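Subject: A structure for you to explore

Hello! Here is the structure I promised you, with the sequence alongside. Have a look around first, and then read on for what turned up.

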Amino acid sequence: MTQNPIKSLAGQTAVYGMGTIIPRLLNYLLVPVYTRVFVDQALYGQITELYAYIAFLMVLLTYGMETAFFRYAQKHDHQKVFNQAMSSILLTTSIFVLLVFVFNNQIAAWLNYEGNGIYILMAALIVAFDAITAIPFAFLRKQNKARKFAVIRLVNVIFTILLNFITVIWFPKDFLMFAKEIFGPDTNLVAGVFLSNLMASGLSLIMLAGVFSKFRFSVEAGFLKPMLSYAWPVLVIGLAGMVNEMLDKILLKYLLPADENPLAQLGIYGANYKLGVLMTLFIQMFRYAAEPFFFAEAEKKNAPALFARIMNYFVIAGLIIFLVVSLYIDLFKLFIGTQYRDGLQIVPIILMANLFNGIYYNLAVWYKLTDRTLSGAIIAVGGAMLTIVLLIVVIPAYGYIGAAWVTLIVYFLMTLLSYIWGQKVFFIPYQFLKILTYIVIAVSIYLFINWIKVENLVLKYFISAVAIALFAYFSFRSETKSQKQHEANV
(Lines give C-alpha, C1' and ligand atoms only; values in the text may rest on other atoms or scores of the structure.)
Protein backbone atom coordinates (compact mmCIF):
# COMPACT_ATOMS: atom_id res chain seq x y z
CA MET A 1 0.00 0.00 0.00
CA THR A 2 1.40 3.37 -1.07
CA GLN A 3 2.05 5.70 1.83
CA ASN A 4 0.20 9.00 1.88
CA PRO A 5 2.86 11.57 0.83
CA ILE A 6 1.54 14.20 3.25
CA LYS A 7 1.76 11.70 6.12
CA SER A 8 5.26 10.80 4.92
CA LEU A 9 6.28 14.46 4.95
CA ALA A 10 4.67 14.93 8.36
CA GLY A 11 6.58 11.90 9.67
CA GLN A 12 9.87 13.21 8.32
CA THR A 13 9.07 16.65 9.74
CA ALA A 14 8.43 15.06 13.14
CA VAL A 15 11.72 13.16 13.08
CA TYR A 16 13.64 16.24 12.01
CA GLY A 17 11.72 17.99 14.74
CA MET A 18 13.40 15.66 17.23
CA GLY A 19 16.70 16.93 15.91
CA THR A 20 15.57 20.54 15.68
CA ILE A 21 12.78 21.42 18.07
CA ILE A 22 14.09 19.49 21.08
CA PRO A 23 17.66 20.82 20.75
CA ARG A 24 16.41 24.34 20.04
CA LEU A 25 14.00 24.17 22.97
CA LEU A 26 16.85 23.01 25.15
CA ASN A 27 18.98 25.80 23.72
CA TYR A 28 16.08 28.15 24.44
CA LEU A 29 16.65 27.43 28.13
CA LEU A 30 19.69 29.66 27.73
CA VAL A 31 17.45 32.68 27.04
CA PRO A 32 16.12 32.89 30.62
CA VAL A 33 19.69 32.26 31.78
CA TYR A 34 21.17 35.04 29.66
CA THR A 35 18.40 37.53 30.44
CA ARG A 36 18.98 36.99 34.16
CA VAL A 37 22.77 36.62 34.23
CA PHE A 38 23.31 39.56 31.89
CA VAL A 39 21.41 42.10 33.94
CA ASP A 40 23.12 44.72 31.79
CA GLN A 41 20.93 44.56 28.68
CA ALA A 42 23.82 45.89 26.58
CA LEU A 43 25.79 42.65 27.11
CA TYR A 44 22.90 40.59 25.76
CA GLY A 45 22.76 43.15 22.97
CA GLN A 46 26.36 42.21 22.09
CA ILE A 47 25.39 38.53 21.88
CA THR A 48 22.37 39.37 19.71
CA GLU A 49 24.46 41.51 17.37
CA LEU A 50 27.34 39.05 16.92
CA TYR A 51 24.97 36.15 16.27
CA ALA A 52 23.31 38.27 13.59
CA TYR A 53 26.70 38.55 11.87
CA ILE A 54 27.22 34.80 12.29
CA ALA A 55 23.89 34.16 10.53
CA PHE A 56 24.95 36.35 7.59
CA LEU A 57 28.34 34.68 7.33
CA MET A 58 26.84 31.19 7.49
CA VAL A 59 24.75 31.95 4.40
CA LEU A 60 27.79 33.49 2.68
CA LEU A 61 30.10 30.54 3.35
CA THR A 62 27.61 27.86 2.25
CA TYR A 63 26.57 29.94 -0.82
CA GLY A 64 23.56 27.85 -1.79
CA MET A 65 25.49 24.58 -1.96
CA GLU A 66 22.99 22.69 0.20
CA THR A 67 20.18 23.33 -2.28
CA ALA A 68 22.52 22.66 -5.22
CA PHE A 69 23.52 19.37 -3.58
CA PHE A 70 19.88 18.22 -3.37
CA ARG A 71 19.22 19.27 -6.97
CA TYR A 72 22.27 17.55 -8.47
CA ALA A 73 22.16 14.50 -6.22
CA GLN A 74 18.74 13.88 -7.77
CA LYS A 75 20.46 13.48 -11.15
CA HIS A 76 23.97 12.20 -10.38
CA ASP A 77 25.86 9.92 -8.01
CA HIS A 78 25.36 11.18 -4.44
CA GLN A 79 28.97 10.66 -3.42
CA LYS A 80 30.37 12.49 -6.42
CA VAL A 81 28.11 15.47 -5.83
CA PHE A 82 29.05 15.42 -2.15
CA ASN A 83 32.78 15.40 -2.99
CA GLN A 84 32.47 18.39 -5.31
CA ALA A 85 30.29 20.45 -2.97
CA MET A 86 32.40 19.62 0.09
CA SER A 87 35.69 20.41 -1.67
CA SER A 88 34.36 23.79 -2.75
CA ILE A 89 33.16 24.63 0.78
CA LEU A 90 36.49 23.59 2.32
CA LEU A 91 38.45 25.84 -0.05
CA THR A 92 36.36 28.95 0.52
CA THR A 93 36.07 28.41 4.28
CA SER A 94 39.83 28.06 4.64
CA ILE A 95 40.37 31.37 2.85
CA PHE A 96 37.76 33.04 5.09
CA VAL A 97 39.37 31.79 8.31
CA LEU A 98 42.82 32.89 7.15
CA LEU A 99 41.57 36.41 6.39
CA VAL A 100 39.83 36.76 9.75
CA PHE A 101 42.95 35.59 11.61
CA VAL A 102 45.01 38.22 9.83
CA PHE A 103 42.55 41.11 10.16
CA ASN A 104 40.58 40.27 13.33
CA ASN A 105 41.75 43.36 15.24
CA GLN A 106 40.77 45.67 12.39
CA ILE A 107 37.37 43.99 12.13
CA ALA A 108 36.88 44.31 15.90
CA ALA A 109 37.68 48.04 15.75
CA TRP A 110 35.30 48.51 12.82
CA LEU A 111 32.49 46.89 14.86
CA ASN A 112 33.37 48.95 17.97
CA TYR A 113 34.74 45.91 19.80
CA GLU A 114 38.24 47.24 20.38
CA GLY A 115 40.18 44.94 22.68
CA ASN A 116 37.79 42.05 22.02
CA GLY A 117 39.18 40.67 18.79
CA ILE A 118 38.86 37.21 20.34
CA TYR A 119 35.07 37.47 19.94
CA ILE A 120 35.58 37.98 16.22
CA LEU A 121 37.94 35.00 16.02
CA MET A 122 35.56 32.69 17.90
CA ALA A 123 32.60 33.84 15.80
CA ALA A 124 34.60 33.16 12.62
CA LEU A 125 35.54 29.64 13.77
CA ILE A 126 31.93 28.89 14.73
CA VAL A 127 30.85 29.88 11.23
CA ALA A 128 33.68 27.84 9.70
CA PHE A 129 32.82 24.64 11.59
CA ASP A 130 29.10 25.06 10.84
CA ALA A 131 29.76 25.72 7.15
CA ILE A 132 31.94 22.61 6.87
CA THR A 133 29.24 20.46 8.48
CA ALA A 134 26.41 21.88 6.34
CA ILE A 135 26.94 19.53 3.38
CA PRO A 136 27.40 16.41 5.55
CA PHE A 137 24.12 17.25 7.29
CA ALA A 138 22.50 17.67 3.87
CA PHE A 139 23.94 14.27 2.87
CA LEU A 140 22.22 12.68 5.88
CA ARG A 141 18.94 14.34 4.91
CA LYS A 142 19.28 13.09 1.33
CA GLN A 143 19.81 9.55 2.61
CA ASN A 144 16.78 9.95 4.93
CA LYS A 145 19.02 9.37 7.96
CA ALA A 146 16.91 11.71 10.03
CA ARG A 147 17.62 9.91 13.30
CA LYS A 148 21.39 10.26 12.98
CA PHE A 149 20.86 13.89 12.03
CA ALA A 150 18.72 14.35 15.14
CA VAL A 151 21.20 12.67 17.50
CA ILE A 152 24.12 14.84 16.38
CA ARG A 153 22.04 18.01 16.70
CA LEU A 154 20.82 16.98 20.13
CA VAL A 155 24.32 16.18 21.43
CA ASN A 156 25.55 19.51 20.07
CA VAL A 157 22.97 21.49 22.02
CA ILE A 158 23.34 19.50 25.24
CA PHE A 159 27.09 20.11 25.10
CA THR A 160 26.51 23.80 24.40
CA ILE A 161 24.19 24.15 27.38
CA LEU A 162 26.54 22.27 29.69
CA LEU A 163 29.47 24.50 28.73
CA ASN A 164 27.33 27.62 29.12
CA PHE A 165 26.36 26.57 32.62
CA ILE A 166 29.99 25.91 33.51
CA THR A 167 31.27 29.25 32.20
CA VAL A 168 28.33 31.56 32.90
CA ILE A 169 26.35 30.03 35.81
CA TRP A 170 28.39 27.67 37.95
CA PHE A 171 31.92 29.08 37.76
CA PRO A 172 31.66 32.59 36.27
CA LYS A 173 34.42 34.09 38.44
CA ASP A 174 36.86 31.26 37.70
CA PHE A 175 36.08 31.40 34.00
CA LEU A 176 36.41 35.19 33.91
CA MET A 177 39.85 34.99 35.56
CA PHE A 178 40.88 32.37 33.00
CA ALA A 179 39.41 34.32 30.09
CA LYS A 180 41.08 37.60 31.07
CA GLU A 181 44.40 35.81 31.42
CA ILE A 182 44.12 34.13 28.01
CA PHE A 183 42.06 36.58 25.94
CA GLY A 184 42.85 39.96 27.51
CA PRO A 185 41.71 42.27 30.33
CA ASP A 186 38.65 43.60 28.45
CA THR A 187 37.10 40.13 28.20
CA ASN A 188 33.71 39.58 29.87
CA LEU A 189 31.29 36.67 30.28
CA VAL A 190 30.13 37.02 26.67
CA ALA A 191 33.32 35.06 25.86
CA GLY A 192 31.82 32.07 27.68
CA VAL A 193 28.81 32.08 25.35
CA PHE A 194 30.93 32.01 22.19
CA LEU A 195 33.53 29.57 23.51
CA SER A 196 30.74 27.14 24.44
CA ASN A 197 29.24 27.37 20.95
CA LEU A 198 32.64 26.96 19.31
CA MET A 199 33.49 23.79 21.22
CA ALA A 200 30.04 22.31 20.50
CA SER A 201 30.41 23.05 16.77
CA GLY A 202 33.78 21.29 16.84
CA LEU A 203 32.14 18.28 18.46
CA SER A 204 29.53 18.09 15.66
CA LEU A 205 32.35 18.05 13.12
CA ILE A 206 33.92 15.09 14.93
CA MET A 207 30.58 13.23 15.13
CA LEU A 208 30.17 13.54 11.36
CA ALA A 209 33.43 11.65 10.77
CA GLY A 210 31.45 8.71 9.35
CA VAL A 211 30.05 10.88 6.57
CA PHE A 212 33.51 12.26 5.84
CA SER A 213 35.08 8.77 5.71
CA LYS A 214 34.29 8.34 2.00
CA PHE A 215 35.03 11.95 1.10
CA ARG A 216 37.68 12.53 -1.53
CA PHE A 217 38.85 16.04 -2.32
CA SER A 218 37.91 16.71 -5.93
CA VAL A 219 37.35 19.85 -7.95
CA GLU A 220 36.12 19.13 -11.48
CA ALA A 221 35.39 22.43 -13.22
CA GLY A 222 33.01 20.81 -15.70
CA PHE A 223 30.94 19.32 -12.89
CA LEU A 224 31.24 22.04 -10.26
CA LYS A 225 30.58 25.00 -12.55
CA PRO A 226 26.89 24.19 -13.21
CA MET A 227 26.40 23.51 -9.50
CA LEU A 228 27.81 26.95 -8.71
CA SER A 229 25.66 28.51 -11.44
CA TYR A 230 22.61 26.95 -9.80
CA ALA A 231 23.78 27.88 -6.31
CA TRP A 232 24.79 31.53 -6.63
CA PRO A 233 21.22 32.85 -6.99
CA VAL A 234 20.37 30.74 -3.92
CA LEU A 235 23.22 32.54 -2.14
CA VAL A 236 21.70 35.87 -3.14
CA ILE A 237 18.33 34.66 -1.88
CA GLY A 238 19.92 33.54 1.39
CA LEU A 239 21.77 36.81 1.92
CA ALA A 240 18.65 38.79 1.11
CA GLY A 241 16.76 36.61 3.56
CA MET A 242 19.34 37.38 6.23
CA VAL A 243 18.87 41.09 5.51
CA ASN A 244 15.16 40.66 6.22
CA GLU A 245 15.77 38.53 9.31
CA MET A 246 18.92 39.96 10.87
CA LEU A 247 19.70 43.45 9.59
CA ASP A 248 17.37 45.07 12.13
CA LYS A 249 19.53 43.60 14.91
CA ILE A 250 22.60 45.21 13.36
CA LEU A 251 21.15 48.61 12.41
CA LEU A 252 19.46 49.24 15.79
CA LYS A 253 22.91 49.87 17.26
CA TYR A 254 23.68 52.53 14.67
CA LEU A 255 20.30 54.17 14.01
CA LEU A 256 19.04 54.71 17.56
CA PRO A 257 20.22 57.85 19.39
CA ALA A 258 23.07 57.24 21.83
CA ASP A 259 21.01 58.55 24.77
CA GLU A 260 18.53 55.68 24.27
CA ASN A 261 21.28 53.10 24.96
CA PRO A 262 21.03 51.26 21.59
CA LEU A 263 22.70 48.03 22.78
CA ALA A 264 20.24 47.78 25.65
CA GLN A 265 17.33 48.28 23.22
CA LEU A 266 18.87 45.61 21.02
CA GLY A 267 19.07 43.28 24.01
CA ILE A 268 15.36 43.79 24.75
CA TYR A 269 14.46 43.28 21.09
CA GLY A 270 16.60 40.15 20.79
CA ALA A 271 15.16 38.59 23.95
CA ASN A 272 11.54 39.14 22.88
CA TYR A 273 12.30 38.04 19.32
CA LYS A 274 13.30 34.70 20.87
CA LEU A 275 9.76 34.27 22.23
CA GLY A 276 8.73 33.47 18.67
CA VAL A 277 10.91 30.38 18.89
CA LEU A 278 8.07 27.86 18.38
CA MET A 279 7.19 29.35 14.99
CA THR A 280 10.85 29.48 13.99
CA LEU A 281 11.35 25.86 15.03
CA PHE A 282 8.26 24.68 13.19
CA ILE A 283 9.40 26.36 9.98
CA GLN A 284 12.96 25.09 10.31
CA MET A 285 12.04 21.47 10.92
CA PHE A 286 9.54 21.64 8.02
CA ARG A 287 12.27 23.00 5.75
CA TYR A 288 14.67 20.18 6.66
CA ALA A 289 12.07 17.62 5.61
CA ALA A 290 10.43 19.55 2.75
CA GLU A 291 13.43 20.36 0.54
CA PRO A 292 14.36 16.75 -0.35
CA PHE A 293 10.63 15.86 -0.35
CA PHE A 294 9.69 18.51 -2.93
CA PHE A 295 12.51 17.46 -5.28
CA ALA A 296 11.55 13.78 -4.94
CA GLU A 297 7.84 14.40 -5.64
CA ALA A 298 8.27 17.00 -8.39
CA GLU A 299 8.09 14.62 -11.36
CA LYS A 300 4.87 12.94 -10.23
CA LYS A 301 1.64 13.79 -11.98
CA ASN A 302 -0.23 14.97 -8.89
CA ALA A 303 2.66 17.05 -7.52
CA PRO A 304 0.99 20.49 -7.94
CA ALA A 305 -2.17 19.40 -6.11
CA LEU A 306 -0.06 17.78 -3.40
CA PHE A 307 2.00 20.95 -2.89
CA ALA A 308 -1.20 22.98 -2.60
CA ARG A 309 -2.59 20.69 0.11
CA ILE A 310 0.70 20.84 1.99
CA MET A 311 0.49 24.63 1.97
CA ASN A 312 -2.96 24.53 3.61
CA TYR A 313 -1.81 22.23 6.40
CA PHE A 314 1.35 24.28 6.90
CA VAL A 315 -0.63 27.51 7.33
CA ILE A 316 -3.09 25.92 9.75
CA ALA A 317 -0.28 24.53 11.92
CA GLY A 318 1.52 27.88 11.85
CA LEU A 319 -1.61 29.77 12.87
CA ILE A 320 -2.17 27.42 15.81
CA ILE A 321 1.35 28.23 17.00
CA PHE A 322 0.63 31.94 16.53
CA LEU A 323 -2.49 31.66 18.70
CA VAL A 324 -0.84 29.54 21.41
CA VAL A 325 2.11 31.89 21.90
CA SER A 326 0.15 35.13 21.51
CA LEU A 327 -2.76 34.19 23.76
CA TYR A 328 -0.53 32.64 26.43
CA ILE A 329 2.09 35.38 26.37
CA ASP A 330 1.74 35.80 30.15
CA LEU A 331 3.30 32.37 30.49
CA PHE A 332 5.88 32.66 27.72
CA LYS A 333 7.15 35.97 29.12
CA LEU A 334 8.43 34.11 32.19
CA PHE A 335 11.24 32.78 30.00
CA ILE A 336 12.89 36.20 29.91
CA GLY A 337 14.05 38.43 32.76
CA THR A 338 11.73 41.17 33.99
CA GLN A 339 13.98 43.94 32.68
CA TYR A 340 13.45 42.63 29.13
CA ARG A 341 9.64 42.47 29.13
CA ASP A 342 8.99 45.97 27.82
CA GLY A 343 9.23 44.50 24.34
CA LEU A 344 6.47 41.87 24.61
CA GLN A 345 4.26 43.77 22.19
CA ILE A 346 6.47 42.74 19.26
CA VAL A 347 5.92 39.01 19.80
CA PRO A 348 2.63 38.61 17.83
CA ILE A 349 4.09 40.74 15.02
CA ILE A 350 7.22 38.59 14.80
CA LEU A 351 5.17 35.38 14.94
CA MET A 352 3.05 36.46 11.99
CA ALA A 353 6.12 37.70 10.11
CA ASN A 354 7.79 34.31 10.53
CA LEU A 355 4.64 32.56 9.35
CA PHE A 356 4.68 34.57 6.12
CA ASN A 357 8.36 33.72 5.79
CA GLY A 358 7.39 30.06 6.00
CA ILE A 359 4.66 30.52 3.38
CA TYR A 360 7.21 32.26 1.17
CA TYR A 361 9.53 29.28 1.57
CA ASN A 362 6.71 26.94 0.49
CA LEU A 363 6.05 29.07 -2.57
CA ALA A 364 9.75 28.97 -3.49
CA VAL A 365 9.19 25.49 -4.92
CA TRP A 366 8.30 27.06 -8.30
CA TYR A 367 11.71 28.55 -9.00
CA LYS A 368 13.71 25.71 -7.43
CA LEU A 369 11.99 23.00 -9.49
CA THR A 370 12.19 24.98 -12.74
CA ASP A 371 15.86 25.95 -12.20
CA ARG A 372 14.85 29.63 -12.15
CA THR A 373 16.73 30.44 -8.99
CA LEU A 374 17.62 33.82 -10.53
CA SER A 375 13.93 34.75 -10.41
CA GLY A 376 13.87 33.87 -6.72
CA ALA A 377 16.97 36.01 -6.24
CA ILE A 378 15.23 39.01 -7.83
CA ILE A 379 12.32 38.73 -5.37
CA ALA A 380 14.68 38.26 -2.42
CA VAL A 381 16.88 41.24 -3.39
CA GLY A 382 13.80 43.40 -3.86
CA GLY A 383 12.64 42.44 -0.37
CA ALA A 384 16.10 43.14 1.07
CA MET A 385 16.27 46.58 -0.53
CA LEU A 386 12.81 47.41 0.81
CA THR A 387 13.89 46.21 4.27
CA ILE A 388 16.96 48.45 4.24
CA VAL A 389 14.99 51.54 3.22
CA LEU A 390 12.17 50.94 5.70
CA LEU A 391 14.52 50.20 8.60
CA ILE A 392 16.50 53.39 7.98
CA VAL A 393 13.27 55.40 7.94
CA VAL A 394 11.43 53.63 10.77
CA ILE A 395 14.03 52.72 13.44
CA PRO A 396 15.00 56.30 14.40
CA ALA A 397 11.33 57.15 14.99
CA TYR A 398 9.84 53.90 16.32
CA GLY A 399 12.82 51.83 17.50
CA TYR A 400 12.54 48.05 17.66
CA ILE A 401 8.72 48.12 17.40
CA GLY A 402 9.06 49.70 13.98
CA ALA A 403 11.70 47.10 13.07
CA ALA A 404 9.26 44.29 13.91
CA TRP A 405 6.56 45.81 11.67
CA VAL A 406 9.06 46.18 8.83
CA THR A 407 9.82 42.44 9.06
CA LEU A 408 6.12 41.57 8.77
CA ILE A 409 5.41 43.99 5.92
CA VAL A 410 8.37 42.84 3.83
CA TYR A 411 7.67 39.12 4.25
CA PHE A 412 4.02 39.68 3.34
CA LEU A 413 4.90 41.58 0.17
CA MET A 414 7.53 39.01 -0.85
CA THR A 415 4.98 36.24 -0.33
CA LEU A 416 2.43 38.05 -2.49
CA LEU A 417 4.92 38.70 -5.30
CA SER A 418 6.24 35.13 -5.26
CA TYR A 419 2.68 33.78 -5.46
CA ILE A 420 1.75 35.97 -8.44
CA TRP A 421 4.99 35.32 -10.33
CA GLY A 422 5.13 31.62 -9.51
CA GLN A 423 1.62 30.90 -10.75
CA LYS A 424 2.64 32.12 -14.21
CA VAL A 425 5.74 29.91 -14.34
CA PHE A 426 4.78 26.73 -12.48
CA PHE A 427 1.07 26.64 -11.71
CA ILE A 428 0.11 25.14 -8.38
CA PRO A 429 -3.59 25.24 -7.41
CA TYR A 430 -3.09 27.02 -4.10
CA GLN A 431 -6.38 27.83 -2.38
CA PHE A 432 -5.57 31.50 -1.84
CA LEU A 433 -8.97 32.56 -0.49
CA LYS A 434 -9.13 29.63 1.93
CA ILE A 435 -5.65 30.39 3.26
CA LEU A 436 -6.54 34.06 3.64
CA THR A 437 -9.71 33.06 5.49
CA TYR A 438 -7.71 30.94 7.95
CA ILE A 439 -5.37 33.87 8.62
CA VAL A 440 -8.20 36.36 9.11
CA ILE A 441 -10.02 34.03 11.51
CA ALA A 442 -6.87 33.39 13.60
CA VAL A 443 -5.98 37.09 13.81
CA SER A 444 -9.60 37.93 14.67
CA ILE A 445 -9.54 35.39 17.52
CA TYR A 446 -6.36 36.98 18.88
CA LEU A 447 -7.73 40.52 18.63
CA PHE A 448 -11.10 39.60 20.14
CA ILE A 449 -9.70 37.81 23.18
CA ASN A 450 -7.35 40.71 23.86
CA TRP A 451 -10.17 43.22 23.29
CA ILE A 452 -12.52 41.68 25.88
CA LYS A 453 -9.74 42.05 28.49
CA VAL A 454 -10.56 39.12 30.76
CA GLU A 455 -8.87 39.90 34.09
CA ASN A 456 -9.11 36.39 35.52
CA LEU A 457 -6.16 34.55 34.00
CA VAL A 458 -7.67 31.09 34.48
CA LEU A 459 -10.82 32.17 32.61
CA LYS A 460 -8.76 33.86 29.93
CA TYR A 461 -6.66 30.73 29.42
CA PHE A 462 -9.81 28.59 29.24
CA ILE A 463 -11.42 30.85 26.63
CA SER A 464 -8.18 30.87 24.68
CA ALA A 465 -7.92 27.07 24.79
CA VAL A 466 -11.50 26.67 23.55
CA ALA A 467 -10.92 29.19 20.75
CA ILE A 468 -7.70 27.46 19.61
CA ALA A 469 -9.34 24.02 19.77
CA LEU A 470 -12.32 25.20 17.70
CA PHE A 471 -10.04 26.82 15.13
CA ALA A 472 -7.97 23.63 14.83
CA TYR A 473 -11.04 21.40 14.64
CA PHE A 474 -12.89 23.33 11.94
CA SER A 475 -9.81 24.07 9.82
CA PHE A 476 -8.53 20.46 9.80
CA ARG A 477 -12.09 19.22 9.27
CA SER A 478 -12.37 21.51 6.27
CA GLU A 479 -9.16 20.10 4.82
CA THR A 480 -10.24 16.52 5.39
CA LYS A 481 -13.57 17.19 3.70
CA SER A 482 -11.86 18.84 0.72
CA GLN A 483 -9.50 15.91 0.36
CA LYS A 484 -12.34 13.39 0.36
CA GLN A 485 -14.16 15.40 -2.32
CA HIS A 486 -10.96 15.52 -4.40
CA GLU A 487 -10.47 11.75 -4.12
CA ALA A 488 -14.11 11.15 -5.07
CA ASN A 489 -13.77 13.29 -8.18
CA VAL A 490 -10.56 11.49 -9.16
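At roughly what angle do the axes of helix α3 and helix α12 cross, and within what distance do they come? Before the answer, a word on how to read everything below. This is a predicted model, in which local features need pLDDT of at least 70, side-chain atom pairs count only at pLDDT 80 or more, and totals for chains, interfaces and linings use all residues. Residues are numbered from 1 along each chain as its sequence is written, and side-chain values use heavy atoms, with hydrogens and water left out.

**Two helix pairs**

Two packed helices are described by the angle between their axes and the distance between the axes. The axes of α3 (residues 41-62) and α12 (residues 262-273) come within 7 Å and cross at roughly 65°. Here an axis is a line fitted to C-alpha atoms, for helices over the stretch in contact, and angles run from 0 to 180 degrees between N-to-C directions. Helices are DSSP runs (H or I, at least four residues), numbered from the N terminus. The two helices are therefore roughly perpendicular to each other; that term covers 65 to 115 degrees, while under 35 is roughly parallel, over 145 roughly antiparallel and the rest oblique.

The crossing of α3 and α12 is left-handed (the near helix is turned anticlockwise from the far one by less than a right angle; clockwise would be right-handed). The residues that meet include Y44 and T48 in α3, and L263 and I268 in α12; contact means heavy atoms within 4.5 Å. This contact divides into 7 nonpolar, 6 polar and 1 charged residues. Nonpolar means Ala, Val, Leu, Ile, Met, Phe, Trp, Tyr, Cys and Pro, charged means Asp, Glu, Lys and Arg, and the others, Gly among them, are polar.

Now try α4 and α11 (residues 221-255), whose axes come within 8 Å and cross at roughly 130°. These helices are therefore oblique to each other, and their crossing is right-handed. Among the residues in contact are F69 and Y72 of α4, with M227 and Y230 of α11. Here the division is 11 nonpolar, 1 polar and 1 charged.

Is helix α16 largely enclosed or open? In α16 (residues 347-363), 17 of the 17 residues are buried, so the rest of the structure largely encloses this helix. Buried means under 20% relative accessible area, exposed over 50%, and partly exposed in between (1.4 Å probe, protein chains only). From first C-alpha to last, α16 reaches 24 Å, close to the 24 Å expected at 1.5 Å a residue (1.5 Å times one less than the number of residues).

Helix α20 (residues 457-489) holds S475, which is buried at 3% relative accessible area. Leaving aside neighbours within four places in sequence, S475 is in contact with I316 and Y438. L459 is also found in α20, but L459 is partly exposed at 42%.

**Two residues with a positive phi**

Most residues other than glycine have a negative phi. Y63, though not a glycine, has a positive phi of about 30°. Y63 lies in the loop between α3 and α4 and counts as buried at 10%. D371 has a phi near 60°, sits in the loop between α17 and α18 and is partly exposed at 39%.

Happy exploring!
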